[in-house]
Amino acid sequence: MASTDDKVILKSSEGECFEVDMAVASHLQIVKSVLEDCEGSSDKVVSLFIVEAKYVAMIIEYYKNYVELKEKHEEGGFEEKLKEFEKQFLEQIDKKELKGLVMAVNYLNAPALFDVVCTAIAKHIENKSVEYVREYFGIVNDFTAEEEAQIREEHRWAYDGVNDD
Amino acid sequence: MDPPLKTTLSTVTSLCNCTKKQKLDQRQPNAISRSSADVKMKRMMSFEEEIPTDVFDDIFFRLPMKTLVRFRCVSKPWLRLITYSRFPYRLLNRQLCCDHSSTDCKHNEPIIIFSHNQRNSDGSGTKLFAIGGGYEEDSFRLAQGIEFSLFQGKDFEIMTNSCDGMLCLAIKEEKILVLWNPSTREHRALPLTTDSGICGGVCGLGFDSKTDDYKVVSVVGKQVYVFSLKRNSWRYIGESPYPLHMGIPANGYLYWGAGEITNSFANRIVCLDLSDDTFREVQLPSSNDLVQSVGVGQTTPEVGFYLLTWSGALFAYREQDQSVWMLKEVQERDTAVVMAGEEGTSATGVKHVWTKLMNIPQIPNSKRRQSARPPIYYKLYPKCFSKNGKLVMAVRGKRFILYDPKEKSYEEYIVRGLDRGRCQKAIACVESLISPNSIRGMNDID
């Protein structure tokens with residue numbers, strides 16, 4: 001078993017290196033599994049190839065706090081403290097970046113943060129219009145005008161109370 | 001040498017599936033083939049530019065039904081995912097399996113739908129309202145109208161309890177029966193023969209897991225008819241052993257308050273197995289403590305039960321001591337089939353084990369509370385549990401009580417947002433996207 005003193009280096013798609021505690025990195029299931037495969041090897045650099053540095057930094061920030069809070073509030077109160085931090089954490093992230101972050105987190109298989117980001121995206125699009133959502137996710141509308149009009153007509157009530165910012 | 005593109009893509013897909021599965025299975029050892037770190041990370045490189053579908057699943061799980069209905073017209077793949085795939089079933093399962101008390105629960109409160117006959121200037125017609133359904137418990141205090149354009153301005157009735165977010169409505173006089181999903185407002189008219197009383201006798205809706213089919217039950221006199229949504233036809237299955245109240249689906253069966261039924265409280269409970277169309281008597285919760293409270297030497301008092309369901313389990317409220325019981329275990333055992341005419345035959349059946357959850361204190365009528373006269377206590381109709389485990393109970397008309405079993409406290413309130421008029425049947429319902437017109441079943445493939 002790796003002790004918490006161990007460090008590992010995560011390399012972003014741009015080649016930027018991040019040195020993190022093993023306790024933090026092990027929350028990324030894919031990194032953990034890679035490190036287990038290479039146990040005994042002195043090389044502790046894991047390339048994350050497709051994950052941009054800004055997302056690597058976000059993910060590390062989240063789990064660093066996660067690990068710290070968990071240690072500090074072993075007796076209880078961890079969940080509330082984590083919720084507080086998550087709120088603050090999400091405030092700094094641009095809505096457009098949530099999309100990149102969810103893909104990065106999904107790729108690295110980090111369940112706790114995946115849940116947080118999915119919830120944030122859902123909250124963000126909950127009251128948004130269809131047009132906004134297409135643009136946000138870069139989805140091409142493949143309906144004909146008639147088809148779309150018909151679907152809208154069938155569920156007109158679902159289009160009330162939408163804000164288009 | 002570069003591998004052919006197709007192989008690379010399929011490897012990526014299988015690896016992606018693998019990581020996803022791992023997450024679900026709490027990581028199985030050796031799920032990923034042992035290869036060198038670099039190769040493994042590199043294989044994942046060409047992952048999609050766009051958000052993969054299974055991630056959309058996770059985002060969609062956290063959206064309100066109204067939003068999901070709206071997003072059907074984003075694109076064809078979204079329409080397919082939201083409406084015609086197994087997503088509605090995955091969503092429903094997730095709601096049922098969710099630990100509602102945990103802070104991680106993202107689901108909304110259940111809804112209670114009731115029909116309301118308005119006595120105002122805009123004329124006659126039954127209206128449907130819902131309370132609950134919001135993220136907060138407060139949503140049980142405010143009624144919101146639900147339009148059902150087909151029945152606009154007409155007098156109709158709620159005929160069944162809900163099953164997976166759907167229920168039956170009928171205009172008895174015109175012999176029109178529909179299966180309706182209040183979350184998506186989609187409906188399907190069910191065919192009826194003109195001369196039978198089937199329409200007026202409809203009193204149950206359940207899911208048959210053996211055939212992945214929803215079934216509607218109608219009792220005409222003693223005769224029981226079952227409608228299969230997949231076959232789109234009615235079938236006579238025999239006679240019912242007792243008079244039946246409204247069936248409530250739970251544990252894969254339809255349970256009924258049966259026997260003598262007064263004010264919706266029944267003195268027997270039976271269950272109908274929709275896979276083999278047989279009724280079985282359900283052993284009642286123990287009345288030992290009831291006998292004690294009545295006094296030794298007296299006979300067991302008459303009991304009255306009212307059934308409700310939550311998270312797929314069945315609960316029985318016993319009126320006499322205001323206790324709530326949960327049907328805990330259903331085990332296979334030899335029991336007698338109580339279907340009339342076939343008495344005495346034995347079949348593999350179910351054993352019913354009840355666990356008492358709570359006793360609700362008597363709640364005095366607030367109008368009498370200030371007066372010197374002895375209090376009158378409310379008759380309680382528990383409808384559903386809130387996410388926090390509070391019991392939502394209908395009392396009378398617009399009057400509801402929210403009972404907190406942990407604190408043993410209650411709050412009485414009058415539902416806002418309703419005009420003058422009479423509240424009729426109130427039934428609890430989960431929100432779901434399952435379409436009455438596209439019954440696929442849990443095991444059907446996408």
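The following conversation works through how some terms are applied to this predicted model.

Trainee: What makes Tyr55(A) count as buried?

Mentor: The cut-off for a buried residue is 20 or more other C-beta atoms within 10 Å, and Tyr55(A) has 23 C-beta neighbours inside 10 Å, so Tyr55(A) counts as buried. Tyr55(A) belongs to helix H3 of chain A, which spans residues 53-72.

Trainee: Which residues are in contact with Tyr55(A), once its neighbours within four places in sequence are left aside?

Mentor: With those neighbours left aside, Tyr55(A) is in contact with Gly100(A), Leu101(A) and Ala104(A), a term that requires C-beta atoms within 7 Å.

Trainee: Which residues have the most contacts inside the largest nonpolar core?

Mentor: They are Ile59(A), Leu108(A), Ile112(B), Cys168(B), Leu169(B) and Tyr255(B), in a core of 144 residues. In soluble globular proteins, nonpolar side chains tend to be buried together. Leu108(A), leaving aside its neighbours within four places in sequence, is in contact with Leu28(A), Ile30(A), Val31(A), Val51(A) and Ile59(A).

Trainee: Why are strands E2 and E3 of chain A said to stand at the edges?

Mentor: The open sheet in question has three strands in the order E2-E1-E3 (chain A), with mixed pairing. Strand E2 (17-21) and strand E3 (45-47) of chain A each have a single partner strand, so one side of each is left without a neighbour in the sheet. On average, neighbouring strands of this sheet are turned by 30° against each other, direction ignored.

Trainee: What makes E4 and E7 of chain B edge strands?

Mentor: Here the open sheet has four strands in the order E4-E5-E6-E7 (chain B), with antiparallel pairing. Strand E4 (157-158) and strand E7 (186-190) of chain B each have a single partner strand, so one side of each lacks a neighbour in the sheet.

Trainee: How many bridges join E4(B) to E5(B)?

Mentor: Two bridges join E4(B) to strand E5 (residues 167-171) of chain B, and at least two are needed, so these strands count as paired. Their direction is antiparallel, and Ile158(B) stands opposite Leu169(B) in E5(B).

Trainee: What do E6(B) and E7(B) form, and which residue in the turn has a positive phi?

Mentor: They form a hairpin with four residues between them, and Arg185(B) in the turn has a positive phi of about 60°. Five bridges join strand E6 (residues 176-181) of chain B to E7(B), the two running antiparallel, while Leu179(B) stands opposite Arg188(B) in E7(B).

Trainee: What is recorded for residues 113-158 of chain A?

Mentor: UniProt, in an unreviewed entry, lists them for "domain: SKP1 component dimerisation". In the model, this span is 67% helix and 0% strand, with its end C-alpha atoms 30 Å apart.

Terms used: Residues numbered from 1 in each chain as written. Chains lettered and ligands numbered in written order. Predicted model: local features only at pLDDT ≥ 70, side-chain atom pairs only at ≥ 80, totals over all residues. Core = buried A, V, L, I, M, F, W, Y, C linked by C-beta atoms within 7 Å. Buried ≥ 20, exposed ≤ 12 C-beta atoms within 10 Å, placed from the backbone. Contact = placed C-beta atoms within 7 Å. UniProt positions renumbered as here; feature names shortened; annotations may be inferred. Axes fitted to C-alpha atoms, helices over the stretch in contact; angles between N-to-C directions.
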